Amino acid sequence: MKKIVWFFIGVVLCVNTLSAQQVKILEGIESKIDSCFIASFKNPQAYQDTEKALLSMYNTEKSENMKSHYQYWISYLYYKKSISVFKGGDWEISKKYVEEAISYLEKNHEKTSEYYSLLAYEQIFYFQFVKRQDMFVFLDKLNNSLKMAIELDRSNPRAYYVNGYYDYYTPKEYGGKKKTELFLLKAISMRNSQKPFSPTWGIVDAYSTLIQYYVETGRKVKAKEMYQKALELYPGALDIIRLKNKL
């Protein structure tokens with residue numbers, strides 16, 4: 001009888017340990033990946049430990065719900081990694097990483113607004129690698145992701161950010177720059193979800209893009225006002241601080 005009791009105690013302890021490991025890895029995972037991104041410009045191996053830990057837990061995870069969290073953050077990591085190597089001049093490896101990012105995300109069975117927001121963000125970056133003959137099909141997929149991001153959750157700041165970001169970088173002759181301000185103002189008016197392991201990217205990015213948009217359209221006063229507001233809310237945000245010289 002005692003052996004049976006100790007067996008069950010051992011099982012419970014094992015499950016609790018695994019749960020603690022999951023929380024430890026996913027706790028603050030976005031900040032960890034963003035720190036890797038910044039460090040990667042001096043150290044190409046900066047992502048290695050975080051990537052290894054995420055992949056290890058993902059490959060042994062049984063719960064579909066937890067798997068969806070790992071898929072999202074592995075995808076986010078590969079997206080950031082893709083940008084890192086792109087800025088380093090290696091376009092082929094950059095393409096490979098963003099394809100990995102999209103592949104991991106598409107495995108996710110939870111097709112939520114967060115899913116489509118990140119997918120659209122990655123698709124926007126991937127657009128530069130798409131062959132000319134595949135562009136129209138790809139654009140249909142991208143536009144669907146942008147649409148679904150908002151339709152599935154009209155309170156998600158990332159959904160509005162990626163739509164504003166896409167509009168900002170779309171040339172006027174192709175219909176861009178019409179809803180940039182509308183989408184980005186909507187993004188910064190939203191609040192992040194308090195659910196465990198939820199993303200927070202997009203709001204600071206929306207401020208940064210909006211400031212640049214105001215500068216480019218000759219609205220320096222607006223740009224300065226938005227810059228001051230962003231600094232008050234996010235005093236350490238490098239994406240905001242670097243815009244000072246443009247004002």
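This is a predicted model: local features need pLDDT of at least 70, side-chain atom pairs count only at pLDDT 80 or more; totals for chains, interfaces and linings use all residues.
Visitor: How many helices and strands does the protein have?

Guide: Helices (H or I, at least four residues) and strands (E, at least two) are DSSP runs, numbered from the N terminus. Here you get twelve helices and zero strands. The C-alpha trace spans about 80 × 45 × 40 Å along its principal axes.

Visitor: What share of the residues is buried?

Guide: Buried means under 20% relative accessible area, exposed over 50%, and partly exposed in between, using a 1.4 Å probe and protein chains only. Of the 247 residues in the protein, 45% are buried.

Visitor: Which residues does Ile25 touch?

Guide: Ile25 belongs to helix H1 (residues 2–26), and it counts as buried because its relative accessibility is 16%. Not counting residues up to four places away in sequence, Ile25 touches Lys32, Ala53, Leu54, Met57 and Tyr70. Thr50 is 25 residues from Ile25 in sequence, with 8.2 Å between their C-alpha atoms.

Visitor: What about Asn163: buried or exposed?

Guide: Buried, with a relative accessible area of 11%. Asn163 lies in helix H8 and, leaving aside its neighbours within four places in sequence, is in contact with Leu146, Ile150 and Phe183.

Visitor: How many aromatic pairs are there?

Guide: Rings of Phe, Tyr and Trp (its six-membered ring) pair if their centres lie within 6.5 Å; planes under 30 degrees apart count as stacked, over 60 as edge-to-face and the rest as tilted. By this rule there are 26 aromatic pairs. One of them is Phe86 with Trp91, a stacked pair at 5.2 Å centre to centre and 15° between the planes. Trp91 is exposed, at 53% relative accessible area.

Visitor: Why is the pair of Tyr121 and Tyr161 edge-to-face?

Guide: Because their planes sit at 80°, with the ring centres 5.5 Å apart. This pair links distant parts of the chain, with Tyr121 in helix H6 (residues 113–126) and Tyr161 in helix H8 (residues 157–169), 40 residues apart. Both tyrosines are buried.

Visitor: Which lysine lies over the face of Tyr58?

Guide: A charge sits over a ring if NZ of Lys or CZ of Arg is within 6 Å of the ring centre and within 35 degrees of the ring normal. Lys67 does this for Tyr58, at 4.2 Å from the ring centre. Lys177 lies over the face of Tyr168, at 5.4 Å.

Visitor: Where is Lys177, and what is its phi?

Guide: Most residues other than glycine have a negative phi. Lys177, in the loop between H8 and H9, has a positive phi of about 70° although it is not a glycine. Phe197 also has a positive phi, about 65°, and is found in the loop between H9 and H10.

Visitor: Why call helix H10 largely enclosed?

Guide: Twelve of its 14 residues are buried, so the rest of the structure largely encloses H10. Its buried residues, among them Asp205 and Tyr213, pack against H6, H8, helix H9 (180–188), helix H11 (220–233) and helix H12 (238–241). Just after H10, Gly218 takes a positive phi of about 80°.

Visitor: Which residues lie nearest the centre of the largest pocket?

Guide: Rolling a probe the size of a water molecule over the atoms shows where empty space is left. On a 1 Å grid over the protein atoms alone, a pocket is an open set of points where a 1.4 Å probe fits, with protein on both sides within 12 Å along at least five of seven lines; lining residues have an atom within 4 Å of a point. The largest pocket is lined by 50 residues, with Tyr79, Tyr121, Tyr161, Tyr165 and Asp205 nearest its centre. Elements giving two or more residues to that lining include H6, H8 and H10.

Technical notes
Residues are numbered from 1 along each chain as its sequence is written. Side-chain values use heavy atoms; hydrogens and water are left out. Contact means heavy atoms within 4.5 Å.
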